[in-house]
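Here is a friendly walk through one protein model, meant to be read with the coordinates open beside it. We begin with a single side chain and then move on to helices and strands.

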Amino acid sequence: MGGPEIDHLISLLAKLPGMGPRSARRAALKMLQQPETRMLPLATALAEAARAVRPCADCGNLDSQDPCTICADPHRDRSIICVVEGVGDLWALERAMVHRGLYHVLGGTLSALSGIGPDDLSVAALIGRVAEGGITEIILALGATVDGATTAHFLTDQLRPTGVTVTRVGQGVPIGGALDVLDDGTLAAALRGRRTA
Ligand SMILES: [Zn+2]
C-alpha cells in the first residue's frame, strides 16, 4: 500500500491481543493521520515502558520500581499473600480493590499437556516467601480450570509443612478461566467466599 514502514507497523500491531490485520490497519491509519498527537506520544510511551518496567523480584508484578508499588506499600497487610496465575489477574484484583494483602504471580498453571511443571512456575519462590515467616494465610486465586485445580492441590500439599493456612477462592463461583474477565462484584464475592483448601 504505502511502503514497507506501513506494512511493518501493521504487521506488528496485528500481533497484539485483540487485534487482527483489519483492526491493525485502522489503528495504523488513525495514527499516521495524526503523527504529532497520536503516534509520537505512543512511541515515546512504548519506549519508556519497555525501558522502565520490570517484574518485581518479590511478587512478579510488573512495575517501574522493584520491589513493586504493592510490595513497597507500608499499608498493605503483609501476612496474607494472594497467589494468581498471571499479572492480568493481579491487576483485575487490584482494580476490584478486594485484596489488601500482597500477591504472588505464579506465571501460569501446572499442565501435563503443555509440559509445564513446578520448575517452570515461581513455586519455589512462593515456598521461600512463606518460609521467611510472618505469613498467616495463602489465598489461591487460580482459575477453575482442570489445570487451575491441579495447581491448587499441588500448592496446598507443598505449603502444608509450613503450617500456613491455605484458602481457595472461586469454589461455587463461576470462574471460567482467567480472573481478568470477571466483573469486580464477582471477584469480591469470590474472595469473600474463600474456603480452607
Ligand atoms: Zn511486588
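Predicted model: local features only at pLDDT ≥ 70, side-chain atom pairs only at ≥ 80, totals over all residues.

## A tryptophan and its surroundings

W91 is found in helix α5, which covers residues 87–96. Leaving aside residues up to four places away in sequence, W91 touches N61 and L62.

| Pair | Separation in sequence | C-alpha to C-alpha distance |
|---|---|---|
| W91 and L62 | 29 residues | 9.7 Å |
| M39 and A28 | eleven residues | 8.9 Å |

How do helix α1 and helix α2 cross, and at roughly what angle? The axes of α1 (residues 4–13) and α2 (residues 21–33) come within 8 Å, and they cross at roughly 125°. That angle makes α1 oblique to α2, because oblique takes in the angles between 115 and 145 degrees. The crossing of α1 past α2 is right-handed.

On the α1 side, the contact is made by I6, L9, I10 and L13. On the α2 side, P21, A24, R25, A27, A28, M31 and L32 take part. Sorted by class, the contact of α1 with α2 has ten nonpolar residues, one charged residue and no polar ones.

Some of these names have come up already.

Now for the strands. Five of them form an open sheet in the order β4-β3-β5-β6-β7, with mixed pairing. The edge strands, each pairing on one side only, are β4 (101–105) and β7 (195–196).

Which way do β3 and β4 pair, parallel or antiparallel? Strand β3, residues 77–84, pairs with β4 in the parallel sense, over five bridges. To find this pairing on screen, look for D77, which stands opposite G101 in β4.

Finally, helix α7 (residues 146–159) lies across β3, β5 (137–141) and β6 (165–168). Relative to β6, α7 runs at about 170°.

Notes: Residues numbered from 1 in each chain as written. Heavy atoms only, no water. Axes fitted to C-alpha atoms, helices over the stretch in contact; angles between N-to-C directions. Helix = DSSP H or I, 4+ residues; strand = E, 2+ residues; numbered from the N terminus. Parallel < 35°, antiparallel > 145°, perpendicular 65-115°, else oblique. Left-handed = near helix turned anticlockwise from the far one by under 90°. Contact = heavy atoms within 4.5 Å. Nonpolar A, V, L, I, M, F, W, Y, C, P; charged D, E, K, R; others polar. Pairing = 2+ DSSP bridges.
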